[in-house]
Amino acid sequence: MQQGKFITFEGIDGAGKTTQIDALEHWLEKQGIEVVRTREPGGTPLGEKIRAMLLADDMSVTAETLLFFASRAEHIERVVVPALERGAWVLSDRFTDATYAYQVGGKNYDPAKVEALESLVQGALQPFKTVLFDLSPDIAAQRLAKARAADRFEAESREFFRRVREAYLDRAQRCARRFFILDASLEPQAITDALLQEAQSWI
Ligand code: Z5A
């Protein structure tokens, strides 16, 4: 039986997830809650190897989608479920909503195939809450240009990220009770304040 809480963080690249997950992690630990911080793709030794391939190697969308779910299967079995069972809160930088946003929304992959893989790999497991960092691709691109060299996903076009953003907002509308949407264009401290205020209602 699951006792902990599974929280996932989503948004287009450069939306500022990392900074805000740090803040939530510190706040939860101050409340005496055990936190497991993780990410997808990745989060396990095999998952990190898959991540390196996904970010660097050119491949078909089917191969890409299967690799995201292979990393996810390993992550769920070895990290997420054990942590939830012992009562920890799992903070995951991305999960299955990213597949719907990037592969289905961004690359036009068949959503029925993703649903089938989701059911196979996750069974009934779903996040307790998903925090969506909503940001325009124009602002995200300005931030990333200052921050680092682009990986295979970050090198996609502005139009691609517009589709990814729309797909995320569509998911948020369909699963309104699970999603909490943050305006990621605000100053970091304002975003932290909104996130921590919301998190009080999760405890
Ligand atoms: N992907 C997929 O296609 N399908 C899937 O199923 C999954 C993933 C799971 C790897 O993910 C890639 O895999 C990802 C989607 C795809 N695309 N890419 N690339 P990732 O999570 O590792 O990649 P990421 O989104 O680029 O993560 P990130 O580097 O951690 O980005 P972030 O956390 O959203 O942003 P950040 O690093 O915190 O901030 C970016 C910059 O903006 C940095 O310089 C900050 O100082 C600055 N920043 C942050 N917040 C602000 C505010 N509020 N104002 C101004 N500047 C800010």
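User: Which space does the ligand take?

Analyst: The model is predicted: local features need pLDDT of at least 70 and side-chain atom pairs count only at pLDDT 80 or more, while totals for chains, interfaces and linings use all residues. Residues are numbered from 1 along each chain as its sequence is written, and side-chain values use heavy atoms, with hydrogens and water left out. A pocket is found on a 1 Å grid over the protein atoms alone, as an open set of points with protein on both sides within 12 Å along at least five of seven lines. A molecule sits in a pocket if more than half of its atoms lie within 2 Å of its grid points, and the space taken by the ligand is the largest pocket.

User: How far from a nitrogen atom of the ligand is the polar side-chain atom of Asp13?

Analyst: A polar contact is a pair of N or O atoms within 3.5 Å. Thr18 has a polar side-chain atom 2.6 Å from an oxygen atom of the ligand, and for Arg72 the distance to an oxygen atom is 3.1 Å. For Asp13 and the nitrogen atom, the distance is 2.3 Å.

User: How many charged residues are in the lining of the largest pocket?

Analyst: About 660 Å³ of space lies in this pocket, where a volume is the space filled by probe spheres set on the grid points. Lining residues have an atom within 4 Å of a point, and of the 31 here, Asp13, Lys17, Arg51, Asp93 and Arg94 are the closest to the centre. Asp, Glu, Lys and Arg count as charged. The lining has 11 nonpolar and seven polar residues, and the charged ones number 13.

User: Which helix gives the largest share of the lining of the second largest pocket?

Analyst: The second largest pocket holds about 220 Å³ of space. Elements giving two or more residues to its lining are H4, H5 (111-122) and H7 (158-174). The largest share, four residues, comes from H7.

Notes
A polar contact is a pair of N or O atoms within 3.5 Å; within protein, one must be able to donate a hydrogen and the other to accept it, and residues adjacent in sequence count only if both atoms are side-chain atoms. On a 1 Å grid over the protein atoms alone, a cavity is a set of points where a 1.4 Å probe fits but cannot get out, and a pocket is an open set with protein on both sides within 12 Å along at least five of seven lines; lining residues have an atom within 4 Å of a point.
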